[in-house]
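Keep the model open as you read.

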Amino acid sequence: MRLYKNLLVGDQIRYKKYQVIWKLKHNKIQLGVYIILLAPDPQNLMEIIPASLLRQSYYQRQELFVLGIAGSKEEAYEIARQLIEEVYRHTGGTALREYIQ
């Protein structure tokens, strides 16, 4: 699992950012935390999943790239929207993969 160098963190969990990151890296269960991932399929931009799904074998076999963490699904959608707006402002399009690398 890799983290985006400018990891986006929602206000609801900003106070426990480092605890959440530690738990992500050590495969610990986290309820009420949502992860914004770069989608493994190049046709999609992002995936928003509950952090508890990271314990499933499918996600454990994947090379995940975490773009952001949020305290609720709504907050995760807002972070994803902000990221797409930032990409659009800088590139004039939605080339997320090229923008973050």
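The points below cover the basis of the model, then the helices, then the pocket.

This is a predicted model: local features need pLDDT of at least 70, side-chain atom pairs count only at pLDDT 80 or more, and totals for chains, interfaces and linings use all residues. Residues are numbered from 1 along each chain as its sequence is written, and side-chain values use heavy atoms, with hydrogens and water left out.

**Helix H1**
- Helices (H or I, at least four residues) and strands (E, at least two) are DSSP runs, numbered from the N terminus.
- H1 spans residues 17–25, and its buried residues are Val20, Ile21 and Leu24. Buried means under 20% relative accessible area, exposed over 50% (1.4 Å probe, protein chains only).
- These buried residues fall within an arc of 100° seen down the axis, so they line one face of H1. The arc is taken from the directions from the helix axis to the C-beta atoms.
- Their cover includes strands S1 (2–9), S2 (34–38) and S4 (65–70).
- Asn27 follows H1 with a positive phi, near 55°.

**Helix H3**
- Buried here are Glu75, Ala76, Ile79, Ala80, Leu83 and Val87.
- They cover an arc of only 140° around the axis, which puts them on the same side of H3.
- Glu74, Tyr88 and Arg89 are exposed on the other side of H3.
- Just after H3, Gly92 has a positive phi of about 80°.

**Largest pocket**
- Leu24 and Asn27 are among the residues that line the largest pocket.
- H1 and helix H2 (57–61) each supply at least two lining residues.

Note on methods: Contact means heavy atoms within 4.5 Å. On a 1 Å grid over the protein atoms alone, a cavity is a set of points where a 1.4 Å probe fits but cannot get out, and a pocket is an open set with protein on both sides within 12 Å along at least five of seven lines; lining residues have an atom within 4 Å of a point.
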